[in-house]
Amino acid sequence: MSTSTLQFLHLPSHLDEEDTVGWEEEADWRMKRFEHLHGHQESWILAPLNPFEERRETEVMSVSLSFALSRYKAGLVSLGRAAEIAGLPYDKMMDELQKHGISLRIGPSSVEEAERRGERLIAALKQLRRSS
Amino acid sequence: MTESLDLLRRCYPRVYVPKAVSDEFSVAFQMPRGLITRTLRNTQQAEAESIGLGAGENEAMVLARDMQLPLIMDDGDAQKVAERLGVEVYGSLEFVRAAFCSCFIEREEYDERIDSFQESGRAHPEYVSWARNASK
(Lines give C-alpha, C1' and ligand atoms only; values in the text may rest on other atoms or scores of the structure.)
Protein backbone atom coordinates (compact mmCIF):
# COMPACT_ATOMS: atom_id res chain seq x y z
CA MET A 1 0.00 0.00 0.00
CA SER A 2 1.78 3.14 -1.13
CA THR A 3 1.77 6.43 0.66
CA SER A 4 0.30 8.22 -2.32
CA THR A 5 -2.59 5.79 -2.38
CA LEU A 6 -3.21 6.43 1.28
CA GLN A 7 -3.23 10.16 0.78
CA PHE A 8 -5.63 9.82 -2.09
CA LEU A 9 -7.85 7.60 -0.08
CA HIS A 10 -8.05 9.62 3.04
CA LEU A 11 -7.59 13.26 2.31
CA PRO A 12 -10.33 15.48 0.95
CA SER A 13 -9.66 16.58 -2.61
CA HIS A 14 -9.36 20.27 -1.74
CA LEU A 15 -6.15 19.76 0.26
CA ASP A 16 -2.92 21.06 -1.22
CA GLU A 17 -0.05 18.70 -1.82
CA GLU A 18 1.95 20.59 0.80
CA ASP A 19 -0.69 19.80 3.39
CA THR A 20 -0.16 16.09 3.02
CA VAL A 21 3.47 16.13 4.21
CA GLY A 22 3.81 14.20 7.44
CA TRP A 23 0.37 12.73 7.15
CA GLU A 24 1.43 9.19 6.27
CA GLU A 25 1.39 7.74 9.77
CA GLU A 26 -1.98 9.17 10.63
CA ALA A 27 -3.36 8.14 7.24
CA ASP A 28 -2.14 4.60 7.77
CA TRP A 29 -3.90 4.40 11.11
CA ARG A 30 -7.07 5.85 9.59
CA MET A 31 -6.88 3.42 6.68
CA LYS A 32 -6.81 0.46 9.00
CA ARG A 33 -9.73 1.88 10.93
CA PHE A 34 -11.75 2.51 7.79
CA GLU A 35 -11.09 -0.98 6.54
CA HIS A 36 -12.21 -2.38 9.86
CA LEU A 37 -15.41 -0.35 9.74
CA HIS A 38 -16.23 -0.43 6.04
CA GLY A 39 -14.53 -3.46 4.57
CA HIS A 40 -12.05 -3.70 1.74
CA GLN A 41 -10.30 -0.50 0.71
CA GLU A 42 -11.68 -0.39 -2.86
CA SER A 43 -15.09 0.33 -1.46
CA TRP A 44 -13.61 3.32 0.26
CA ILE A 45 -11.95 4.59 -2.93
CA LEU A 46 -15.37 4.72 -4.59
CA ALA A 47 -17.12 6.23 -1.61
CA PRO A 48 -16.48 9.90 -2.46
CA LEU A 49 -18.01 9.37 -5.91
CA ASN A 50 -21.26 8.10 -4.46
CA PRO A 51 -23.71 9.55 -1.99
CA PHE A 52 -22.29 8.83 1.43
CA GLU A 53 -24.06 6.93 4.06
CA GLU A 54 -24.41 9.19 7.05
CA ARG A 55 -21.83 7.19 8.97
CA ARG A 56 -19.23 7.51 6.23
CA GLU A 57 -19.79 11.22 5.85
CA THR A 58 -19.13 11.57 9.55
CA GLU A 59 -15.93 9.62 9.13
CA VAL A 60 -14.77 11.88 6.29
CA MET A 61 -15.45 14.93 8.43
CA SER A 62 -13.55 13.42 11.28
CA VAL A 63 -10.52 12.73 9.08
CA SER A 64 -10.50 16.32 7.81
CA LEU A 65 -10.86 17.69 11.30
CA SER A 66 -8.20 15.43 12.73
CA PHE A 67 -5.80 16.48 10.00
CA ALA A 68 -6.58 20.16 10.52
CA LEU A 69 -6.06 19.85 14.26
CA SER A 70 -2.69 18.16 13.84
CA ARG A 71 -1.50 20.71 11.27
CA TYR A 72 -2.53 23.63 13.46
CA LYS A 73 -1.03 22.10 16.58
CA ALA A 74 2.28 21.65 14.75
CA GLY A 75 2.22 25.33 13.78
CA LEU A 76 2.08 24.49 10.08
CA VAL A 77 -1.17 26.23 9.21
CA SER A 78 -3.07 29.30 10.33
CA LEU A 79 -6.45 29.14 11.98
CA GLY A 80 -8.18 30.10 8.75
CA ARG A 81 -6.38 27.42 6.78
CA ALA A 82 -7.13 24.84 9.46
CA ALA A 83 -10.81 25.78 9.25
CA GLU A 84 -10.74 25.29 5.49
CA ILE A 85 -9.10 21.89 5.80
CA ALA A 86 -11.67 20.82 8.38
CA GLY A 87 -14.52 22.29 6.35
CA LEU A 88 -15.66 24.35 9.31
CA PRO A 89 -16.38 28.04 9.84
CA TYR A 90 -13.60 29.98 11.59
CA ASP A 91 -15.37 30.20 14.93
CA LYS A 92 -16.31 26.52 14.93
CA MET A 93 -12.69 25.64 14.26
CA MET A 94 -11.70 27.64 17.31
CA ASP A 95 -14.24 25.62 19.31
CA GLU A 96 -12.77 22.36 18.03
CA LEU A 97 -9.20 23.40 18.85
CA GLN A 98 -10.24 24.31 22.37
CA LYS A 99 -12.26 21.13 22.73
CA HIS A 100 -9.15 19.12 21.84
CA GLY A 101 -6.97 21.06 24.25
CA ILE A 102 -4.89 22.76 21.54
CA SER A 103 -3.72 26.24 22.44
CA LEU A 104 -4.95 28.98 20.15
CA ARG A 105 -2.21 31.18 18.73
CA ILE A 106 -4.05 34.44 19.09
CA GLY A 107 -2.10 37.63 18.48
CA PRO A 108 -0.48 39.86 19.56
CA SER A 109 2.67 38.15 20.72
CA SER A 110 3.16 40.26 23.89
CA VAL A 111 1.38 42.77 26.09
CA GLU A 112 3.95 45.37 25.01
CA GLU A 113 2.99 44.82 21.41
CA ALA A 114 -0.69 44.97 22.31
CA GLU A 115 -0.04 48.24 24.16
CA ARG A 116 1.83 49.77 21.23
CA ARG A 117 -0.74 48.73 18.66
CA GLY A 118 -3.58 49.61 21.00
CA GLU A 119 -2.43 53.20 21.39
CA ARG A 120 -2.33 53.64 17.63
CA LEU A 121 -5.87 52.30 17.29
CA ILE A 122 -7.20 54.42 20.16
CA ALA A 123 -5.77 57.54 18.52
CA ALA A 124 -7.41 56.61 15.21
CA LEU A 125 -10.79 55.90 16.83
CA LYS A 126 -10.70 59.14 18.82
CA GLN A 127 -10.04 60.98 15.58
CA LEU A 128 -12.97 59.18 13.96
CA ARG A 129 -15.24 60.02 16.87
CA ARG A 130 -14.32 63.69 16.72
CA SER A 131 -15.00 63.86 13.00
CA SER A 132 -18.35 62.03 13.14
CA MET B 1 -14.42 37.91 16.35
CA THR B 2 -18.08 37.57 15.40
CA GLU B 3 -19.09 39.00 18.78
CA SER B 4 -17.25 42.21 17.90
CA LEU B 5 -18.92 42.81 14.53
CA ASP B 6 -21.73 44.90 15.99
CA LEU B 7 -19.19 47.10 17.73
CA LEU B 8 -17.21 47.52 14.54
CA ARG B 9 -20.36 48.83 12.88
CA ARG B 10 -20.85 51.32 15.72
CA CYS B 11 -17.31 52.65 15.44
CA TYR B 12 -16.77 52.72 11.71
CA PRO B 13 -19.12 54.15 9.10
CA ARG B 14 -18.22 51.33 6.73
CA VAL B 15 -16.98 47.82 7.50
CA TYR B 16 -15.71 45.78 4.56
CA VAL B 17 -15.62 42.02 4.44
CA PRO B 18 -13.89 40.04 1.69
CA LYS B 19 -16.08 37.61 -0.20
CA ALA B 20 -14.30 34.54 1.16
CA VAL B 21 -15.09 35.63 4.72
CA SER B 22 -18.65 36.53 3.81
CA ASP B 23 -19.18 33.12 2.20
CA GLU B 24 -17.69 31.31 5.16
CA PHE B 25 -19.62 33.38 7.65
CA SER B 26 -22.96 32.85 5.97
CA VAL B 27 -22.58 29.07 6.26
CA ALA B 28 -22.89 29.24 10.03
CA PHE B 29 -24.42 32.60 10.88
CA GLN B 30 -26.76 35.27 9.62
CA MET B 31 -24.50 37.92 8.11
CA PRO B 32 -24.91 41.09 10.19
CA ARG B 33 -26.48 44.04 8.41
CA GLY B 34 -24.30 46.88 7.27
CA LEU B 35 -21.22 44.88 6.34
CA ILE B 36 -20.03 45.52 2.82
CA THR B 37 -18.83 42.46 0.94
CA ARG B 38 -15.98 43.10 -1.47
CA THR B 39 -14.92 40.75 -4.23
CA LEU B 40 -11.25 40.98 -5.10
CA ARG B 41 -10.13 41.83 -8.61
CA ASN B 42 -8.35 39.09 -10.54
CA THR B 43 -4.91 40.46 -9.82
CA GLN B 44 -5.73 40.85 -6.13
CA GLN B 45 -7.17 37.36 -6.05
CA ALA B 46 -4.02 35.89 -7.54
CA GLU B 47 -1.90 37.69 -4.97
CA ALA B 48 -4.20 36.62 -2.15
CA GLU B 49 -3.98 32.98 -3.14
CA SER B 50 -0.20 33.17 -3.16
CA ILE B 51 -0.12 34.14 0.54
CA GLY B 52 -0.95 30.57 1.53
CA LEU B 53 -3.11 31.06 4.61
CA GLY B 54 -6.87 30.54 4.75
CA ALA B 55 -8.82 32.09 1.87
CA GLY B 56 -10.54 34.58 4.19
CA GLU B 57 -7.26 35.61 5.80
CA ASN B 58 -5.55 35.96 2.42
CA GLU B 59 -8.30 38.09 0.93
CA ALA B 60 -8.68 40.25 4.03
CA MET B 61 -4.99 41.15 4.00
CA VAL B 62 -4.91 42.14 0.35
CA LEU B 63 -8.15 44.10 0.67
CA ALA B 64 -7.00 45.96 3.79
CA ARG B 65 -3.65 46.79 2.28
CA ASP B 66 -5.09 48.06 -1.01
CA MET B 67 -7.87 50.05 0.69
CA GLN B 68 -5.42 51.30 3.34
CA LEU B 69 -7.77 50.30 6.13
CA PRO B 70 -7.08 48.66 9.49
CA LEU B 71 -7.72 44.94 9.65
CA ILE B 72 -9.24 43.05 12.58
CA MET B 73 -7.95 39.50 12.67
CA ASP B 74 -7.26 37.26 15.65
CA ASP B 75 -4.93 34.57 14.40
CA GLY B 76 -1.38 35.31 15.55
CA ASP B 77 0.28 33.67 12.54
CA ALA B 78 -1.90 35.58 10.13
CA GLN B 79 -1.29 38.84 12.00
CA LYS B 80 2.45 38.47 11.46
CA VAL B 81 1.98 37.90 7.75
CA ALA B 82 -0.35 40.90 7.54
CA GLU B 83 2.21 43.13 9.24
CA ARG B 84 4.87 41.98 6.80
CA LEU B 85 2.53 43.07 4.00
CA GLY B 86 2.30 46.51 5.61
CA VAL B 87 -1.24 46.06 6.93
CA GLU B 88 -2.28 47.77 10.16
CA VAL B 89 -3.68 44.77 12.02
CA TYR B 90 -5.40 44.38 15.40
CA GLY B 91 -6.97 41.55 17.36
CA SER B 92 -10.59 41.60 18.57
CA LEU B 93 -9.57 42.26 22.16
CA GLU B 94 -7.36 45.19 21.17
CA PHE B 95 -10.22 46.60 19.14
CA VAL B 96 -12.76 46.31 21.96
CA ARG B 97 -10.31 47.93 24.37
CA ALA B 98 -9.67 50.76 21.94
CA ALA B 99 -13.42 51.25 21.44
CA PHE B 100 -13.79 51.66 25.20
CA CYS B 101 -10.78 53.97 25.58
CA SER B 102 -12.06 56.18 22.77
CA CYS B 103 -15.52 56.39 24.37
CA PHE B 104 -17.53 54.34 21.91
CA ILE B 105 -18.77 52.10 24.73
CA GLU B 106 -19.33 52.54 28.44
CA ARG B 107 -17.68 50.66 31.30
CA GLU B 108 -20.57 48.27 31.91
CA GLU B 109 -20.74 47.09 28.34
CA TYR B 110 -16.97 46.93 28.16
CA ASP B 111 -16.75 44.72 31.25
CA GLU B 112 -19.36 42.38 29.80
CA ARG B 113 -17.38 42.08 26.60
CA ILE B 114 -14.16 41.40 28.49
CA ASP B 115 -15.96 38.77 30.57
CA SER B 116 -17.05 37.16 27.35
CA PHE B 117 -13.44 37.02 26.10
CA GLN B 118 -12.37 35.48 29.39
CA GLU B 119 -15.13 32.89 29.40
CA SER B 120 -14.51 31.89 25.80
CA GLY B 121 -10.84 31.16 26.55
CA ARG B 122 -10.01 32.78 23.22
CA ALA B 123 -7.64 35.34 24.66
CA HIS B 124 -4.57 34.79 26.80
CA PRO B 125 -5.31 35.58 30.47
CA GLU B 126 -2.46 38.09 30.43
CA TYR B 127 -4.19 40.06 27.64
CA VAL B 128 -7.53 39.84 29.35
CA SER B 129 -5.99 41.37 32.51
CA TRP B 130 -4.33 44.02 30.41
CA ALA B 131 -7.62 44.87 28.74
CA ARG B 132 -9.60 44.79 31.97
CA ASN B 133 -7.35 47.43 33.50
CA ALA B 134 -7.97 49.89 30.69
CA SER B 135 -9.29 53.34 31.47
CA LYS B 136 -10.65 56.17 29.38
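**Reading helix packing**

Tutor: In this predicted model, helix α7 (residues 107–120) of chain B and helix α8 (residues 125–132) of chain B pack with their axes 10 Å apart, at an angle of about 175 degrees. In general, two packed helices are described by the angle between their axes and the distance between the axes. Angles over 145 degrees count as roughly antiparallel, and α7(B) and α8(B) are therefore roughly antiparallel to each other.

Student: Which residues of α7(B) and α8(B) meet?

Tutor: I114(B), F117(B) and Q118(B) in α7(B) meet V128(B), A131(B) and R132(B) in α8(B). By class, the residues of this contact are four nonpolar, one polar and one charged.

Student: At what angle do the axes of α5 and α6 of chain A cross?

Tutor: Helix α5 (residues 79–86) of chain A and helix α6 (residues 90–99) of chain A cross at roughly 90 degrees, and their axes come within 9 Å. The two helices are therefore roughly perpendicular to each other. From α5(A), the contact involves L79(A), G80(A), A82(A), A83(A) and A86(A); from α6(A), Y90(A), M93(A), M94(A) and E96(A). These residues divide into seven nonpolar, one polar and one charged.

Student: How is a contact between helices of two chains read?

Tutor: The axes of helix α7 (residues 111–131) of chain A and helix α6 (residues 92–101) of chain B come within 9 Å and cross at roughly 45 degrees, which makes α7(A) oblique to α6(B). The crossing is right-handed. Among the residues in contact are L121(A) and I122(A) of α7(A) and F95(B) and A98(B) of α6(B). The contact has eight nonpolar, one polar and three charged residues.

Terms used. Residues are numbered from 1 along each chain as its sequence is written. Chains are lettered from A and ligands numbered from 1 in the order in which they are written. This is a predicted model: local features need pLDDT of at least 70, side-chain atom pairs count only at pLDDT 80 or more; totals for chains, interfaces and linings use all residues. Axes are lines fitted to C-alpha atoms, for helices over the stretch in contact, and angles run from 0 to 180 degrees between N-to-C directions. Helices (H or I, at least four residues) and strands (E, at least two) are DSSP runs, numbered from the N terminus. Angles under 35 degrees count as roughly parallel, over 145 as roughly antiparallel, 65 to 115 as roughly perpendicular and the rest as oblique. Two residues are in contact if their C-beta atoms, placed from the backbone, lie within 7 Å. Ala, Val, Leu, Ile, Met, Phe, Trp, Tyr, Cys and Pro count as nonpolar, Asp, Glu, Lys and Arg as charged, and the others, Gly among them, as polar. A crossing is left-handed if the near helix is turned anticlockwise from the far one by less than a right angle, and right-handed if clockwise.
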